[in-house]
Amino acid sequence: MSGLCSERVAIVTGAGRGLGRAHALALAAEGAKVVVNDLGVGLDGTGCGTGPAQLVVDEIVAGGGQAVVHGGDIATAEGAASLIRAAVETYGRLDTLVNNAGFLRDRMLVNLGEDDWDAVMRVHLRGHFLPLKYAAAHWRAEARAGRVPTARVVNTSSGAGLLGSVGQGNYSAAKAGIIGLTLVAAAEMGRYGVLVNAIAPAARTRMTEATFAETMAAPDTGFDAMAPENVSPLVVWLGSAACAGVTGRVFEAEGGRITVMEGWRPGPTADKAARWSPAEAGEATLKLLAEATIPEPVYGAQ
């Protein structure tokens, strides 16, 4: 390995399995000291236990790296604050935050209960906001003390957040919110030496292998395009000092493919310079749509 993250201290949430585990191992392989956060919950967020996180720590240590377990709930203020303290008190610093924790409670909108909506919003959106909030406060204090950090945040969105996904109204809304949060954090934290980006990965995890079983199945031979380890090199680079100047960006990562997502941007426009009537507005809108790029299919739609 190149030691791209040598001497850096990284936090990875939801790092007991899947993408988070792959990110933690990849960061450690490049020299980072890693705080491995995971509650050990089931696919729907129920249950609790730090066993999966401990297994990842054991694997990192067995490979000659350094890592510790954090079993706090990062969707609570105390859990998120203690996560940042775990890095600073154990290793003396914090350089990289990878927000990855999440689970699914899929339902069609007419069957989606408020509890399932709130639970998914809590883990994905609040679970990104609170660690970011406390990490940002730490880095701002460092910058104001004359120790400007070379800090990095990598948030985890999804194709569902970019394009929507049938049966995942709660998850898609949360993942879209993470993109908005990323853009705001990048704008606010740049002055303190913090770069903030997001990824929209496609990989085989507990959340995808049941929903998209055929697509996510590992091949018998050849390149395993859906292996979560394929996404981690981009995360490592975004979490390193090498990505200087890259902030406020969203990247799709799948197999051997990396795509810069360009998001919402102005398309065809009509300006009457006066108030439209409803009929005029409709006619103008239909003309604009005829000139516009046809949107991608809704993610997950049949």
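The radius of gyration is taken here over C-alpha atoms, and the rule for a globule is 2.2 Å times the number of residues to the power 0.38. With 302 residues, a compact globule would have a radius of gyration near 19 Å, and the protein, at 20 Å, agrees with this. The structure is a predicted model, in which local features need pLDDT of at least 70 and side-chain atom pairs count only at pLDDT 80 or more, while totals for chains, interfaces and linings use all residues. Residues are numbered from 1 along each chain as its sequence is written, and side-chain values use heavy atoms, with hydrogens and water left out.

**Overall composition**

- The secondary structure comes to 10 helices and eight strands; helices (H or I, at least four residues) and strands (E, at least two) are DSSP runs, numbered from the N terminus.
- The C-alpha trace of the protein spans about 70 × 50 × 40 Å along its principal axes.
- Of the 302 residues, 45% count as buried, where buried means under 20% relative accessible area, exposed means over 50%, and partly exposed lies in between (1.4 Å probe, protein chains only).
- Among the contacts in the protein with a separation of 6 or more, 70% come from residues 24 or more positions apart; contact means heavy atoms within 4.5 Å.

**The sheet**

- Strands of a sheet pair through backbone hydrogen bonds, either parallel or antiparallel.
- In this protein, eight strands form an open sheet with mixed pairing, in the order β3-β2-β1-β4-β5-β6-β7-β8; two strands pair if DSSP finds at least two bridges between them.
- The edges are held by β3 (67-70) and β8 (257-261), each of which has a single partner strand, so one side of each is left without a neighbour in the sheet.
- On average, and with direction ignored, neighbouring strands of this sheet are turned by 20° against each other; axes are lines fitted to C-alpha atoms, for helices over the stretch in contact, and angles run from 0 to 180 degrees between N-to-C directions.
- Strand β1 (residues 9-12) and strand β4 (residues 96-98) run parallel and are joined by three bridges.
- V12 stands opposite V98 in β4.
- Helix α4 (residues 114-144) lies across β4, β5 (151-156) and β6 (194-202), and runs at about 175° to β5.

**D95 and E7, residues in contact**

- D95 lies in the loop between α3 (77-91) and β4, and its 3% relative accessibility means that it counts as buried.
- Residues up to four places away in sequence aside, D95 touches E7, R8, V9, W139, T150, A151 and R152.
- E7 lies in the segment before β1 and is exposed, with a relative accessible area of 52%.
- Although E7 is not a glycine, it has a positive phi of about 70°.

**Helix α2**

- The 12 residues of helix α2 (residues 51-62) should span 16 Å at 1.5 Å a residue, and the end C-alpha atoms are 16 Å apart, which agrees; the expected span is 1.5 Å times one less than the number of residues.
- The buried residues of α2 are P52, A53, V56, V57 and I60.
- Seen down the axis of α2, these buried residues fall within an arc of 140°, so they line one face of the helix; the arc is that of the directions from the helix axis to the C-beta atoms.
- The buried residues of α2 pack against α1 (18-29), β2 (33-37) and β3, whereas L55 and A62 are exposed on the other side of α2.
- Just after α2, G64 takes a positive phi of about 95°.

**Further residues in loops and helices**

- A273 is found in the loop between β8 and α10 (278-291) and, at 72% relative accessibility, counts as exposed.
- A273 has a positive phi of about 65°, although it is not a glycine.
- V184 lies in helix α6 (residues 169-189) and is partly exposed, with a relative accessible area of 43%.
- V184 and P149 are 35 residues apart along the chain, and their C-alpha atoms are separated by 19 Å.
- G102, in the loop between β4 and α4, counts as partly exposed at 28% relative accessibility.
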